[in-house]
Amino acid sequence: MMEGKVVVVTGGTSGIGQVAAERLAAMGARVVLVARSQSRGEAAMTRLHEMGPKERHSVHYGDVSRLRDLNRLAGEIRSAEPRIDVLINNAGAAFSKRSVTEDGLELTFATNHLSYFVLTQGLLDALRPAGTARVVNTSSHAHYRARIDFEDLQMERNFQGFRAYGVTKLMNILFTRALAKRLAGSSITTNSLHPGFVNTRIGDEGSGFIAAAFRFAKNFAITPEKGAETIVYLASSDEVAQTSGLYFYKCQPMEPSKAAQDDAAAERLWRETAKLAGIHE
Ligand SMILES: NC(=O)c1ccc[n+]([C@@H]2O[C@H](COP(=O)([O-])OP(=O)(O)OC[C@H]3O[C@@H](n4cnc5c(N)ncnc54)[C@H](OP(=O)(O)O)[C@@H]3O)[C@@H](O)[C@H]2O)c1
């Protein structure tokens with residue numbers, strides 16, 4: 001079903017992204033990974049070549065929380081892949097303490113939201129030549145209680161790891177909505193999803209309360225194999241070939257929070273993010 005398709009995946013070296021990449025490779029896709037660690041990237045490549053031995057899968061290295069890496073990655077991937085069928089924005093993390101990237105941006109915001117925005121913008125020219133292309137954005141039910149404070153987008157006041165994580169997952173859905181609006185009538189669709197609560201390495205980078213809470217909750221979590229199902233569905237199923245702008249869970253559309261359906265907030269977030277990323281539209 002995916003033979004001849006090129007699938008770019010961020011966060012494909014671990015957890016649900018890794019399983020999704022391997023499944024899509026087994027379905028015949030050629031996978032292009034974005035990875036930050038050489039050893040994890042090489043291990044992922046070995047598994048991909050076992051799962052999809054016919055294709056020459058590839059990996060590009062970079063840290064998706066850094067603007068210069070994102071811009072370089074987009075350029076490298078565009079040159080290597082003039083046609084991309086599916087982009088899966090999935091790399092994500094949660095942190096217990098506030099820290100700031102070399103661009104002066106809060107790390108959760110940069111990793112979980114800015115990376116989806118910049119990589120998608122940078123790869124649109126390669127997605128357009130595909131007959132039909134898809135952008136799949138991994139979000140989370142953690143968005144349900146989140147609210148964006150546009151006066152404090154970098155969460156300088158009163159940082160809490162879970163709150164920051166939830167806000168960025170809300171941003172993933174708002175980004176998907178605003179992108180779908182811009183892509184309406186084109187050959188590219190975009191949808192977001194919640195994978196379920198999945199036993200992965202998420203939260204391991206944190207310390208203190210956030211790490212302990214993730215560790216405890218993982219006792220009740222589903223496997224990465226189960227968690228990857230909705231990503232694989234959105235990336236490959238004919239049932240959603242024409243569907244755009246929706247939020248999915250268990251391979252079904254689901255209503256996200258009211259805040260995630262706020263088109264004015266989606267547009268404001270788009271403008272603010274473009275400004276921070278130095279993208280002029
Ligand atoms: N697990 C859950 O219950 C759950 C629930 C809802 C949503 N999600 C979402 O699912 C997505 C995947 O998470 P996961 O649970 O599979 O966690 P995971 O096992 O920790 O995987 C995260 C992936 O993102 C990559 N990554 C993180 N920061 C990066 C950076 N700065 N630059 C490049 N790559 C980076 C990691 O690379 P390394 O291998 O180098 O670490 C890894 O491949 C995230 O967007 C998360 O928010 C997860």
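**First stop: a salt bridge**

Select arginine 30 and glutamate 81: their side chains meet in a salt bridge, 2.9 Å from N to O (a salt bridge being a side-chain nitrogen of Lys or Arg within 4 Å of a carboxyl oxygen of Asp or Glu). The two are 51 residues apart in the chain, with arginine 30 in strand β2 (residues 30–35) and glutamate 81 in the loop between α3 (67–80) and β4 (86–89). Helices (H or I, at least four residues) and strands (E, at least two) are DSSP runs, numbered from the N terminus. Glutamate 81 counts as buried because its relative accessible area is 5%; buried means under 20%, exposed over 50%, and partly exposed in between, with a 1.4 Å probe and protein chains only.

Before you go on, note that this is a predicted model, where local features need pLDDT of at least 70 and side-chain atom pairs count only at pLDDT 80 or more, while totals for chains, interfaces and linings use all residues. Residues are numbered from 1 along each chain as its sequence is written, and side-chain values use heavy atoms, leaving out hydrogens and water.

**More charged pairs**

Side chains of opposite charge can pair when their charged atoms come close. Next, pick arginine 47 and glutamate 22, another salt bridge, with the closest N and O atoms 2.8 Å apart. This pair also links distant parts of the chain: arginine 47 is in helix α2 (residues 38–51) and glutamate 22 in helix α1, 25 residues apart. Glutamate 22 is buried at 13% relative accessible area, whereas arginine 47, at 25%, counts as partly exposed.

Now jump to glutamate 255 and lysine 258, whose salt bridge has its closest N and O atoms 3.2 Å apart. Lysine 258 is exposed, at 65% relative accessibility. For a network, select Arg66, Arg68, Asp69, Arg72, Glu76 and Glu102, which are joined by salt bridges that share partners. How many salt bridges does the structure hold? The count is 18.

**Around the ligand**

At isoleucine 202, a backbone N or O atom lies 3.3 Å from a ligand oxygen. The protein covers 97% of the 890 Å² of accessible area that the ligand has on its own (Shrake-Rupley method, 1.4 Å probe).

**A buried histidine**

Go to histidine 143, in the loop between β5 (133–138) and α5. Is histidine 143 buried or exposed? Buried, because its relative accessible area is 0%. A polar atom of its side chain lies 3.0 Å from the backbone nitrogen of serine 257. Beyond neighbours within four places in sequence, the contacts of histidine 143 (heavy atoms within 4.5 Å) include Gly166, Lys169, Tyr247 and Pro256.

**Last stop: positive phi**

Most residues other than glycine have a negative phi. Methionine 155 has a positive one, near 50 degrees; methionine 155 sits in the loop between β5 and α5 and is buried at 1% relative accessible area. Finish at cysteine 251, where phi is near 60 degrees, in the loop between β7 (247–249) and β8 (252–253).

Terms used
A polar contact is a pair of N or O atoms within 3.5 Å; within protein, one must be able to donate a hydrogen and the other to accept it, and residues adjacent in sequence count only if both atoms are side-chain atoms.
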